[in-house]
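Please look at the sequence and the structure shown below before reading on.

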Amino acid sequence: MKHIPATLLLSLLALVLSIPPLTSFADDSLIIYSGRSDKFVKPVIAEFTRQTGINVTLHTGKSTALLNKLRIEGARTDADLFLSNDAGNLQRGSDWGLFRAMTPSLVAPINKRYRAADNTWVGLSARARVLVVNTQGPWADKLDSVFDLANPALDSKLGITNSTNGSYIAGVTVYMLAAGKDKTRQWLQGMKANVHGKVFNKHRQIVKAVASGKLQAGLVNHYYIYRHLDKYPDAPIKIVFPDQGKDGMGVAWNVAGIAISKHTAKAALAEKLVAFLTSTAGQKQFAEVNREYPVRADVAASPMIPAAGSYRVADVPMSALGKQRDATLDLIEEVGMP
Amino acid sequence: MASSFLSFTGPLRAGRRFTSLGGLATVVVLLAAMPLLYVIYNSLQLSTNEWLRLWSSRLPELLWNTLSLAVLVAIGCVLLGVSSAWWIARRDFPGRKLATWLMILPLTVPTYVFAHIYTTLLEEDGWLGRLWLGLFGETTPLPDLYNIWGVTLILSLAGFSYVFLLARAALSQPTRSLEEAARIQGASTLEVFWRVNLPLLRPAIAAGLAVVVLHVLSDFGAVSMLRFQTFTLSIYLQMSGRFDYQAAAGLSLILVMLSLTFLVLERFFRSRQRYYSARHSRQQPLRRATRLETSLIWLWLGLITLLAFGLPLAWMLSWSWQAWAENLINAEFWGYAGNSLMVAVIAATLAVIAAFPVAFYNARKRSVGSQTLLQFSSVGFVLPGPVIALGILSFLLAQLPFLYGGLAALLIALVIRFLPLAVQSQDAALAQLTPSVEQASRSLGAGPLETLWHVILPMIRGGMATAWVLVFIDTLKELPATLILRPTGFDTLPVRIWIEASEEMLELAAPAALMLVIGTLPVLWIMMKNHAVKMDSD
């Protein structure tokens, strides 16, 4: 009698322990830890399943949290693949040795700049950091470099995201490597003075504020502008691909990409998925759902956006976004960006 | 006349039978403190220089932000909670029952949903934004929520119900004879409130505030959405931005010490006063409210309801309607709802069982040791969810790898996170039990377990129900630990809200939020029916 509570507790514990993994995954199915929006991934995955009969489970979360999880899980992980929309996270995973190298012929069609040097991850679609400018305001034709955003004349007229945003951090890394640390520091200081602590959580809100005339210019990913124009075709905004002058550094790109988990037992299946995503058809679809740029040079982007070759892209390898991330964060913190 | 009485008790005689109970309590607390060990281990890796860097670069701001937020939210919750509780407990007015419900319904809305809804409503084309611009013209800037006042507003609206519940219970208790006695001595209304009601209310307010402040310290949803740098947000950013576990652990350790200090202080102030009330006190009819009072009461309660529940509910309904029209509420959606429900029911049950030895041991022993155990059981509540999750992940994989893969990791995390809620309400309920009841049972020849089963448990049923409901509600809303520890492909409603809201798919986030509200209604009803709240205050 005396030990009933203990017995009770122990049997309950046993009960919990015996709850089996809820989903048992078949041998011919894949699990992706996905840090990218479901709505951009699901249609492509559905097409893959339709063509191959291979089922795919999306375990969606924040890229960084999933990477942490992958790292701690080690050999125990369920994940066969890791999908992220930031090259920095992918490279970080490679540096930690979480991924396995893909067959070289598989990733050969993708430009070296958009994949890991050791082929442990490969980019799938690219987005450009661009300026959104109000076409009815005084700045309509005056901005052609990201560094113009530090101009004190833009006081209270500039929209940027908060400094924890992944795209923002990646952009700063590119500028730091392409234009130097000092110039980037001054630029950040200038923008900080212009925004007075008022920064945005979402790129969408920046585009909206520029369209309404409350702000004159903002720093965003290109597709947010087109998304706004879908809804409001007459909105007085335009896209500016910055730093195209003779000595300009070019536009900062970042890629979304995929990696195969080092501990997967289904490497062959996983490579099938990568092959599909890097195929001409897969590339077209993966990039088109969000109007991004396919990383394959032989696949054209959506006709609604300027072709990839029509403007200069900053010459920074995507792997640097991972390797230089801490240095970028240090710089952002040193300036005290909100 | 004086049919209720106040009495003071010292610690009870401690017998041998407490040893196995104490052992059990110790096991539970050790399990609950497991993530803390992970935190301590990781922060030990920090060099002195890194500590100094953390200290000089972040700590002053984080301390100031976190503490001032806690104080402001506490004030906000007392203003909203005590004022509404006072009217509802002391006046009879039309719709009084409904009013009670309206004051606790905000508990069903998670803070991240609150923050999301209010930031959306206050955009230029949001409902409130348009109203504002219509009233004050285009030139008046919209109110900005991205500061301490915005976070205070959100967290007060989301948390005042805890203070309301406990204050209402305390105010409903028959202390009228004391008030009458004071009046006969010539005290004015204000004096009666100040010298009789407030001292009696103090334990309830303190208990309510303890829950509120712990929620503030551990809140992730509102502070991350509104970018207000508290310890929890900063810890999260260290882990996600830089993958710097050690700095995150160092900050967590300071947060834990801060919270434990607060809890010890709160206990100290509470334990100086302990009242037992006799059950056979005279129930007095409530004074009917005059018409003026009725309109004032409803004006005030209506305003609170509008902000804390009406607007969020209207927002959820309007977007859910859109989702319904677009056929987005499908089998997958019901699957998420089912997952949420299952996890919340199991976690709440386990937490209530695990909490009992800790609470009971303390109720009977009231020693420094038992108090210490009680405080340490709170560790889970104050550690940020992502830190607990990674701690459990590391621990399970290193020590109990066979447990990994199913629901076990998630359930353990949820029980650890919300154990203190169960411990606190059970402790409060047990504290109200007059020790003489147990002594009577024992002297009539009942064994300790018989006494427990036939006497004690039935008498604290209300407190147990409250404990279960509180854990259930918080589990249902839990996001950060669930995001990391859920089994592969296992999504709950909060996880879906988070995914859809970060994609700006409002019509998909809204039905999930609405479902959380609906799912909480039956358990709130159970709690109210049990008069559990009455038992909950000490």
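Helix 6 (residues 166–179) of chain A and helix 7 (residues 181–195) of chain A pack at an angle of about 135°, and their axes lie 7 Å apart. Here an axis is a line fitted to C-alpha atoms, for helices over the stretch in contact, and angles run from 0 to 180 degrees between N-to-C directions. Helices are DSSP runs of H or I with at least four residues, strands are runs of E with at least two, and both are numbered from the N terminus. The two helices are therefore oblique to each other, given that angles under 35 degrees count as roughly parallel, over 145 as roughly antiparallel, 65 to 115 as roughly perpendicular and the rest as oblique. On the side of helix 6 of chain A the contact is made by A:Val172, A:Tyr175, A:Met176 and A:Ala179, and on the side of helix 7 of chain A by A:Lys181, A:Lys183 and A:Thr184; two residues are in contact if their C-beta atoms, placed from the backbone, lie within 7 Å. By class these residues divide into four nonpolar, one polar and two charged, where Ala, Val, Leu, Ile, Met, Phe, Trp, Tyr, Cys and Pro count as nonpolar, Asp, Glu, Lys and Arg as charged, and the others, Gly among them, as polar.

This is a predicted model, in which local features need pLDDT of at least 70 and side-chain atom pairs count only at pLDDT 80 or more, while totals for chains, interfaces and linings use all residues. Residues are numbered from 1 along each chain as its sequence is written, and chains are lettered from A and ligands numbered from 1 in the order in which they are written.

Chain A is divided into domain 1 (24–126 + 254–305) and domain 2 (127–252 + 325–335), with bounds that come from an automatic or database domain assignment. The C-alpha centres of these domains of chain A lie 28 Å apart, and nine residues of domain 1 of chain A are in contact with eight residues of domain 2 of chain A.

Within the largest nonpolar core, which has 275 residues, B:Ala351 and B:Val471 touch the most other members. Such a core is a set of buried Ala, Val, Leu, Ile, Met, Phe, Trp, Tyr and Cys residues joined through C-beta atoms within 7 Å; a residue is buried if 20 or more other C-beta atoms lie within 10 Å of its own, exposed if 12 or fewer, and partly exposed in between, with C-beta atoms placed from the backbone. Leaving aside neighbours within four places in sequence, B:Ala351 is in contact with residues including B:Phe418 and B:Val471.

B:Ile205, found in helix 10 (residues 189–218) of chain B, is buried, with 22 other C-beta atoms within 10 Å. Its C-alpha atom is separated by 8.1 Å from that of B:Val82, although B:Ile205 and B:Val82 are 123 residues apart along the chain.

Helix 4 (residues 87–95) of chain A is mostly covered, since eight of its nine residues are buried. Just after helix 4 of chain A, A:Gly97 takes a positive phi of about 75°.

A:Ser156 is found in the loop between strand 5 (121–134) and strand 6 (158–159) of chain A, whereas A:His196 lies in the loop between helix 7 and helix 8 (203–211) of chain A.
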